[in-house]
Amino acid sequence: MFFCKHIKKKKKVPDLEKLRIFYYVARELNIGRAAEALGLNTASVSKHIKLLETSINQKLIKRKRYGVALTENGEKFFSKIAANVSNLDNLLNSFEPSEKKEKTIKILTTDGVLSSIVAKEVSEFLKLNGDIDIVINAQKKPDILQSQEDFGILPFQSKTKGISQTVILELHSRLYAHKSYVEKFGMPETIEDLKNHKLIAYSSERFYSSVNPDWYLEGNDILDKTRAILKVNSTLGQFEALNSGLGILGISKEFPLLKYADLVKILPQEKDRIFHVCFSKREDEKITPLEKKIFDFLKEKFKNHANVT
């Protein structure tokens, strides 16, 4: 008599390349940008994502008109693999020739006012150092711990382990309206008067607890975010609405485009809301001579922003 022993079928483990491709797609939320970062074509990236979904029997991404979004399972899966895949990429990059690594610097920042300021000053640096390549990656939810960038110019984060932060810039948020708006609707005299005015706000959930772009709409009993006539998750979009005379907006006075608009300060007696911006780097990585050179240059250039009125 023969006895058949039941053999448990092993689960198929996704290979590292598929995990790495998913990591980039989840980080960029755009297959084209992920493919560019990986040096692949979009068809190859899409194929690998489908194979990964099949191997784990879960839907990870869903396509949108522009880009992609993570499903609930995709969000959970990304949170579990992100740190490990990032560390693996950093390890592999550390074996690249030192000359190549020193000539290309990747900077992580936010996609609002800060990206405009960083791009402006980095451009000045490159005019003096033309033999260096710099890539600025501006994201809505940048996370230096889970990124491939060399360092970040990012809002200060509290209670964060594994990141060294050096304050390099202060942003000052204040209220503005276009001259045409004030001529039509008048000038509010107190913060309470804003309830009788049209307000513009930020529409997305805040990623940094230390930065509240809608400070004038939150934290009091009179106003709240639902009173905003327009909510936009883009600083440029907010500026366009402000410049059209639609309403009142709280925005950093350091935003480069403000000087080109005919704006009026609203409630000038109110103190500016100050947000600290840091040179951020993973604690387990040493700053290179080239990074130090960029840091010193930006720190000196950022001093000029303190004099913006």
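Helix 1 and helix 3 are roughly perpendicular to each other, a term used for angles of 65 to 115 degrees, while angles under 35 degrees count as roughly parallel, those over 145 as roughly antiparallel and the rest as oblique. The structure is a predicted model, in which local features need pLDDT of at least 70 and side-chain atom pairs count only at pLDDT 80 or more, whereas totals for chains, interfaces and linings use all residues. Residues are numbered from 1 along each chain as its sequence is written, and side-chain values use heavy atoms, with hydrogens and water left out.

The secondary structure of the chain consists of nine helices and 11 strands; these are DSSP runs numbered from the N terminus, with helices (H or I) of at least four residues and strands (E) of at least two. Of the 309 residues in the chain, 43% are buried (buried means under 20% relative accessible area, exposed over 50%, and partly exposed in between, with a 1.4 Å probe and protein chains only). The chain exposes about 18000 Å², and carbon and sulfur atoms supply 53% of this area; accessible areas come from the Shrake-Rupley method with a 1.4 Å probe, and for residues only the protein chains shown count as cover. Contact means heavy atoms within 4.5 Å. Among contacts between residues at least 6 apart in sequence, 75% join residues at least 24 apart.

Two packed helices are described by the angle between their axes and the distance between the axes. The axes are lines fitted to C-alpha atoms, for helices over the stretch in contact, and the angles run from 0 to 180 degrees between N-to-C directions. For helix 1 (residues 16–28) and helix 3 (residues 42–56), the axes come within 9 Å and cross at roughly 110 degrees. On the side of helix 1 the contact involves Lys18, Leu19, Ile21, Phe22 and Val25, and on the side of helix 3 it involves Val45, His48, Ile49, Leu51 and Leu52. By class, these residues are eight nonpolar, one polar and one charged (Ala, Val, Leu, Ile, Met, Phe, Trp, Tyr, Cys and Pro count as nonpolar, Asp, Glu, Lys and Arg as charged, and the others, Gly among them, as polar).

Helix 3 also packs with helix 2, at an angle of about 105 degrees and with the axes 9 Å apart. Helix 2 and helix 3 are therefore roughly perpendicular to each other. Ile31, Gly32, Ala35 and Leu38 of helix 2 meet Thr42, Val45 and Ser46 of helix 3. This contact of helix 2 with helix 3 has four nonpolar residues, three polar ones and no charged ones. Threonine 42 lies in helix 3 and is partly exposed, because its relative accessibility is 42%. Apart from residues up to four places away in sequence, threonine 42 touches Ile31, Gly32 and Ala35. Threonine 42 and isoleucine 31 are 11 residues apart along the chain, and their C-alpha atoms are separated by 6.2 Å.

Arginine 20 is located in helix 1 and counts as partly exposed at 23% relative accessibility. With residues up to four places away in sequence not counted, arginine 20 touches Leu38, Val85 and Asp89. Arginine 20 and serine 86 are 66 residues apart in sequence, yet their C-alpha atoms are 8.5 Å apart in space.

Most residues other than glycine have a negative phi. Leucine 29, in the loop between helix 1 and helix 2 (31–38), is not a glycine but has a positive phi of about 55 degrees. Leucine 29 is partly exposed, at 36% relative accessibility. Asparagine 57, in the loop between helix 3 and strand 1 (61–63), likewise has a positive phi, of about 60 degrees. Asparagine 57 is exposed, with a relative accessible area of 68%.

Helix 6 (residues 113–128) and helix 9 (residues 289–302) pack at an angle of about 120 degrees, with their axes 10 Å apart. Helix 6 and helix 9 are therefore oblique to each other, and their crossing is right-handed. The residues of this contact divide into nine nonpolar, no polar and four charged.

Methods:
Left-handed = near helix turned anticlockwise from the far one by under 90°.
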